[in-house]
Amino acid sequence: MKRFLKISSLSLIIFSCVLCIAICNDIEVLAKTYNLRIGEVTSVEIKADEDEFQFIRIPFGYCDFRIEITDIQVWVGGEVHNEYVQYVYADDVYDTGKEYYASNGVISFKKDGRESDYERAFLLEMDDIELYPEVDITEEYIIKCNIRISKVSEAKLSKTNITCYLDDIHGKTVKLNNASDKIVWTISNKKVASVYREDNYVTVYPKNPGTCYLKAKCGGQSFRCKVRVKGRKYVYAGGYIYSYNTCGDGCNAFPQKT
């Protein structure tokens, strides 16, 4: 009897797991997501009975993106109703909570690409308060439109030339502003300097006198910053502070009393 109960319990657990997988698969089928790509036009069709499951998501990036929704059409009962376009809006419910309505048939707004995967999504809906009961927004309408996403500003390094000294324990920070994708940072000569990577910026730490280049690759673009490491900027001796004039390329250093 105990053995039967164990088998029955195991069967129930397996059945529950299969049922959960089936339910999850059904949800995945219903949860349609439009993933926007920079510079491309995406055709979107939102059905009223599925609008809460149809997400529109922008790509990841260390910048603001401009979303432009054009060629908006509202279909009700198999017919186009241009008079309803003014009630269409983009709902940024997962991030800022703002709503952007169509103006002259176009919806345009900015969205931060640095947010989490879920917060980079928004919805496209109709204003049910304005149209009810003329249109049953829960099942009758279809929104068709084209969506284009672009960068607000071009990517650019915060510095293209830096100088470090061997006694600098804090290093120098270089940032790639308005990066629209993940960034790959490299240093041309690891014997001269090292880098600590953090999202869209790095901190350069000096190791030995010399010259090298910090490189960043992002979205098919390459950026370069010249790094020059010099000898110690200051030395303390006999109660005096001495400054060093050193070019870091093998020349002699001459202490000067300051």
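Is cysteine 164 buried or exposed, and what is its relative accessible area? Cysteine 164 is buried, at a relative accessible area of 0%, where buried stands for under 20%, exposed for over 50% and partly exposed for values in between (1.4 Å probe, protein chains only). The legends below set this residue in its surroundings.

The model is a predicted one, in which local features need pLDDT of at least 70 and side-chain atom pairs count only at pLDDT 80 or more, while totals for chains, interfaces and linings use all residues. Residues are numbered from 1 along each chain as its sequence is written, and side-chain values use heavy atoms, with hydrogens and water left out.

**Figure 1. The whole chain and its confidence.** The chain contains two helices and 21 strands; helices (H or I, at least four residues) and strands (E, at least two) are DSSP runs numbered from the N terminus. Of its 258 residues, 34% count as buried. Among contacts (heavy atoms within 4.5 Å) with a separation of 6 or more, 59% join residues 24 or more positions apart. The average pLDDT, the predictor's confidence in each residue from 0 to 100, is 79, and 71% of the residues score at least 70.

**Figure 2. Cysteines without a disulfide partner.** A disulfide is a covalent bond between the sulfur atoms of two cysteines; here the term is applied to a pair of cysteine sulfur atoms within 2.5 Å. The structure holds zero disulfides. For cysteine 63, the closest cysteine sulfur belongs to cysteine 218 and lies 8.2 Å away, which is too far for a bond. Cysteine 63 is buried, at 2% relative accessibility. Cysteine 164 is likewise in no disulfide, the nearest cysteine sulfur being that of cysteine 212 at 8.3 Å.

**Figure 3. The open sheet of four strands, E12-E18-E17-E14.** Pairing in this sheet is mixed; two strands pair if DSSP finds at least two bridges between them. Strand E12 (161-165) and strand E14 (184-187) form the edges, each pairing on one side only. Neighbouring strands are turned against each other by 25° on average, direction ignored; the axes are lines fitted to C-alpha atoms, for helices over the stretch in contact, and angles run from 0 to 180 degrees between N-to-C directions. Strand E17 (residues 210-218) and strand E18 (residues 221-230) are antiparallel over nine bridges, with tyrosine 213 opposite lysine 226 of E18. E12 and E18 pair in the parallel sense over five bridges, and isoleucine 162 stands opposite valine 227 of E18.

Figure 4. In E12, Ile162 and Cys164 make up the covered face, whereas Asn161, Thr163 and Tyr165 make up the uncovered one. Leucine 166 lies in the loop between E12 and strand E13 (172-177) and is partly exposed, at 28% relative accessibility. Beyond its neighbours within four places in sequence, leucine 166 has contacts that include Pro206, Pro209, Val229 and Arg232. The C-alpha atoms of leucine 166 and proline 209 are separated by 7.6 Å, although the two residues are 43 residues apart along the chain.

**Figure 5. The open sheet of five strands, E1-E3-E9-E6-E7.** Pairing is mixed in this sheet. Strand E1 (32-35) and E7 stand at the edges with a single partner strand each, so one side of each has no neighbour in the sheet. From one strand to the next, the twist averages 30°. Strand E6 (residues 88-91) and E7 pair in the antiparallel sense over three bridges, and alanine 90 stands opposite tyrosine 100 in E7.

**Figure 6. Two loop residues with positive phi.** Most residues other than glycine have a negative phi. Asparagine 104, in the loop between strand E7 (99-101) and strand E8 (107-112), has a positive phi of about 55° and is exposed, at 79% relative accessibility. Aspartate 199 has a positive phi near 55° and is found in the loop between strand E15 (193-198) and strand E16 (201-206). Its relative accessible area of 48% makes aspartate 199 partly exposed.
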